[in-house]
Amino acid sequence: KDYAICAIMCPKRSRVSFPALRNRLKPHFGSPNFGNPPSDRPFCRHSLCFSSMDEARILRAAMAANNPETSFKSKLQKELVSRDGRKDLLSQTSCLSLGFKDPKVEAAYRSHRETFSGAATTAVPLVLVIIATVRLILMPSAGGGPVVLVTAVFALMCMAAVSAARSFPVRVCPGLLTASDKVHSTVWLRITWFTTLIFVAATANTIDMYLCNKPFWVMMPKLSDDINNTDDITMNIIDVINNSNFNFSSNMTEDALGNLTQTAAPWPSSSLLLCPHPAYYTYFTLLILLAASLLAQICYIVKGVMILGIVIIQCLMNLLVMSKAFRQTNDWMPLIRLGHDQVSLSAELCLISLLLILLNRQTEKTSRVLYLWRQEVEEQRERAADIRQRNEALVYNILPPHVAAHFMGMQRKNHEELYSQSYDEIGVLFASMPNFGDFYSEESVNNQGLECLRFLNEVISDFDGLLERTEFHDIIKIKTIGSTYMAASGLNPSRLYKEDDPVESRWAHLALLVDFAFELVRALQSINEQSFNHFVLRMGINHGPITAGVIGARKPHYDIWGNTVNVASRMESTGKAGCIQVTEETTKILQHFGYIFEQRGLIAVKGKGDLMTYYLVGKAASPQQQVNGDLEDKSLDNRLDT
């Protein structure tokens with residue numbers, strides 16, 4: 001597979017055949033499959049190359065493999081499309097109310113906030129604005145519409161602004177955001193708020209419809225008198241038409257129509273007919289029902305009750321209150337070629353309302369299915385995040401923090417990449433329990449050595465616990481070899497010092513490593529007192545340059561190498577139990593920090609010859625005590641000297 005991709009990227013090189021690719025065979029000059037046939041040769045089982053279509057297919061697969069995010073999204077999309085949401089919903093919800101059988105899941109579903117729920121409320125004032133505009137264009141003088149509709153639009157805009165504050169693209173005042181969060185977080189308040197929006201819009205439309213036959217400019221006497229006489233004029237014209245048995249046709253001239261109207265009374269102007277289009281109020285109600293269907297996070301039963309209530313009121317208004325307006329429109333239909341039946345409009349409105357209720361039920365089913373899938377995705381994401389945190393914690397426990405951050409921050413995980421870092425000024429410590437070998441036995445009384453290993457684990461765990469203290473943050477545990485504990489200081493790439501810096505600044509970590517060695521002694525002494533044992537530590541410290549790196553891909557291990565490490569190991573192995581042995585160079589550095597040493601003399605070190613070594617005795621409280629050899633801690637001196 002890798003060779004096929006390389007062959008596509010470098011077409012001048014020899015191409016491998018399909019059998020060779022399947023058998024993981026590489027072509028060579030002596031192979032019969034070696035060669036470069038024409039690219040237009042069709043692909044077959046025994047062909048020597050891939051066709052252009054096969055190359056394109058393999059190239060697309062390679063590009064998808066190089067983009068795991070796109071591949072993941074495509075797999076997720078296929079998974080969601082192939083899933084049957086109806087089965088997922090039927091097993092967890094009731095059939096009629098669509099409520100979840102688990103009360104906790106139902107409460108969580110009702111309390112969660114949809115991202116578009118606030119923006120959907122803006123449809124209600126928008127619909128009422130459209131209704132008011134059309135109403136003022138078609139029937140400008142009918143009823144008290146301007147006052148009612150403008151008041152309702154203002155109220156709905158204020159309510160929609162509160163509910164949709166989080167959806168605004170610009171920053172709004174904090175008080176409005178707080179009110180919006182309060183509306184959406186409280187279930188009963190959200191339902192009351194959304195139903196109030198629809199109630200205000202429907203009420204405004206109903207009041208305007210009720211006032212349709214009443215003139216808006218009632219303070220103008222002449223216009224009011226003309227409007228009051230409109231019905232008499234209209235009925236007079238209709239009687240003349242019926243008595244004359246006149247047949248209207250498309251060939252009627254304007255003069256004939258004018259002579260007909262002059263026989264009864266003067267033709268009334270269009271402004272005097274207050275409600276010429278009563279059917280539009282049914283259309284306005286339909287727009288309000290559509291706006292109600294857009295509201296999210298409301299049970300479809302509540303929406304259905306709301307829709308049925310609005311439809312019943314509209315039907316009663318059509319059949320009772322608006323019947324006179326519909327009769328006028330139907331009577332003038334032969335002349336203006338326009339007529340509506342209040343019964344048919346009411347029936348159509350009832351049918352559309354039933355369809356909207358079914359649509360709202362289906363929408364809620366889809367919303368609940370998406371909620372279940374979203375919760376499943378969130379649970380999987382939380383589990384994945386928890387697993388990732390555990391893996392990161394494990395990596396940070398195995399590797400030093402800066403090394404773990406290096407590997408965890410790599411965009412492309414290349415396990416074969418080598419990590420190494422060189423350091424010039426590092427302190428190395430080896431601490432072992434030489435008498436642990438005599439303590440360990442695999443007899444039955446020790447459970448085949450398990451009790452001995454449990455004791456050793458307790459000791460090492462207490463040593464590791466010291467590294468969690470703040471003052472020892474610059475010390476890193478390297479490894480344990482049997483009962484030997486290995487640690488180092490100064491392995492921090494961010495720590496930068498110059499050669500002309502004072503010794504106290506450059507080698508402060510080495511003095512910290514010595515303090516850590518004393519703490520190891522105290523920790524082991526505490527364990528001895530609790531377990532009635534007499535274990536002692538034999539330690540060796542050295543300083544100098546080293547090379548640090550990670551070995552292994554699947555099971556990485558951080559280690560350090562160099563002459564400094566070898567000498568520190570020899571200081572421990574050639575030392576004396578209960579003492580800390582250091583070289584002469586290390587002694588000269590640690591004297592700047594007030595430590596007291598006792599010269600041991602020349603010892604033979606493998607690979608180094610004879611080295612002058614010292615025992616680190618303790619730390620003086622003052623320079624005078626350091627010179628006189630008076631110790632600050634006599635009890636520590638007694639424990640170190642054996």
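## Helix packing and buried contacts in a predicted model

Leaving out residues up to four places away in sequence, Glu-572 touches Phe-430, Ser-432, Arg-538, Met-539 and Gly-540. That is a handy place to start in this structure, which is a predicted model. The protein chain has 642 residues, of which 40% are buried, and its secondary structure comes to 28 helices and eight strands. Among contacts with a separation of 6 or more in the chain, 69% join residues 24 or more positions apart.

- You will find Glu-572 in helix 25, which covers residues 563–573.
- Is Glu-572 buried or exposed? With a relative accessible area of 6%, Glu-572 falls under the 20% cut-off and therefore counts as buried.
- The side chain of Glu-572 is joined to the side chain of Ser-432 by a polar contact of 2.3 Å.

**Helix 8 from end to end**

- Helix 8 takes in residues 123–138, 16 residues in all.
- From its first C-alpha to its last, helix 8 reaches 22 Å, close to the 22 Å expected at 1.5 Å a residue.
- The buried residues of helix 8 are Ala-123, Val-124, Pro-125, Val-127, Leu-128, Ile-131, Ala-132 and Arg-135.
- Val-127, a member of helix 8, is buried at a relative accessible area of 15%.
- Which residues does Val-127 contact, once neighbours within four places in sequence are set aside? They are Leu-287, Ile-288 and Ala-291.
- For Val-127 and Leu-287, the C-alpha atoms are separated by 6.6 Å, although the two residues are 160 apart along the chain.

**Helix 8 against helix 15**

- Helix 15 is made of residues 279–294, and it packs with helix 8 at an angle of about 170 degrees, the axes being 9 Å apart.
- An angle over 145 degrees counts as roughly antiparallel, so helix 8 is roughly antiparallel to helix 15.
- The helix 8 side of this contact consists of Ala-123, Val-124, Val-127, Ile-131, Val-134, Arg-135 and Leu-138.
- Facing them from helix 15 are Tyr-280, Tyr-281, Phe-284, Leu-287, Ile-288, Ala-291 and Leu-294.
- Sorted by class, the contact of helix 8 with helix 15 holds 13 nonpolar residues, no polar ones and one charged residue.

**Helix 15 against helix 19**

- Helix 15 also packs with helix 19 (residues 342–398), here at an angle of about 5 degrees and with axes 11 Å apart.
- Angles under 35 degrees count as roughly parallel, so helix 15 is roughly parallel to helix 19.
- Helix 15 contributes Ala-279, Thr-282, Tyr-283, Thr-285, Leu-286, Leu-289, Leu-290 and Ser-293 to this contact, while helix 19 contributes Leu-345, Leu-349, Ile-352, Leu-356 and Asn-360.
- By class, the residues in the contact of helix 15 with helix 19 are nine nonpolar, four polar and no charged.

**Asn-205, a buried residue of helix 11**

- Asn-205 sits in helix 11, residues 187–210, and is buried with a relative accessible area of 2%.
- What does the side chain of Asn-205 make a polar contact with? Its partner is the side chain of Thr-285, at 3.0 Å.
- Neighbours within four places in sequence aside, Asn-205 is in contact with Ile-131, Tyr-281, Phe-284, Thr-285, Ile-288 and Gln-314.

- Leu-98 has a phi near 60 degrees, a positive value in a residue other than glycine.
- Leu-98 lies in the loop that connects helix 5 (85–90) with helix 6 (103–111), and counts as buried at 3% relative accessibility.
- Helix 24 has 24 residues and spans 35 Å from first C-alpha to last, close to the 34 Å expected at 1.5 Å a residue.
- Just after helix 24 comes Phe-532, with a positive phi of about 60 degrees.
- Phe-532 is placed in the loop between helix 24 (508–531) and strand 4 (538–551).
- The relative accessible area of Phe-532 is 71%, over the 50% cut-off, so Phe-532 is exposed.

Conventions
Residues numbered from 1 in each chain as written. Predicted model: local features only at pLDDT ≥ 70, side-chain atom pairs only at ≥ 80, totals over all residues. Heavy atoms only, no water. Helix = DSSP H or I, 4+ residues; strand = E, 2+ residues; numbered from the N terminus. Buried < 20%, exposed > 50% of the residue type's maximum accessible area, 1.4 Å probe, protein only. Expected span 1.5 Å × (residues − 1). Contact = heavy atoms within 4.5 Å. Axes fitted to C-alpha atoms, helices over the stretch in contact; angles between N-to-C directions. Parallel < 35°, antiparallel > 145°, perpendicular 65-115°, else oblique. Nonpolar A, V, L, I, M, F, W, Y, C, P; charged D, E, K, R; others polar. Polar contact = N/O pair within 3.5 Å; in protein donor to acceptor, adjacent residues only side chain to side chain.
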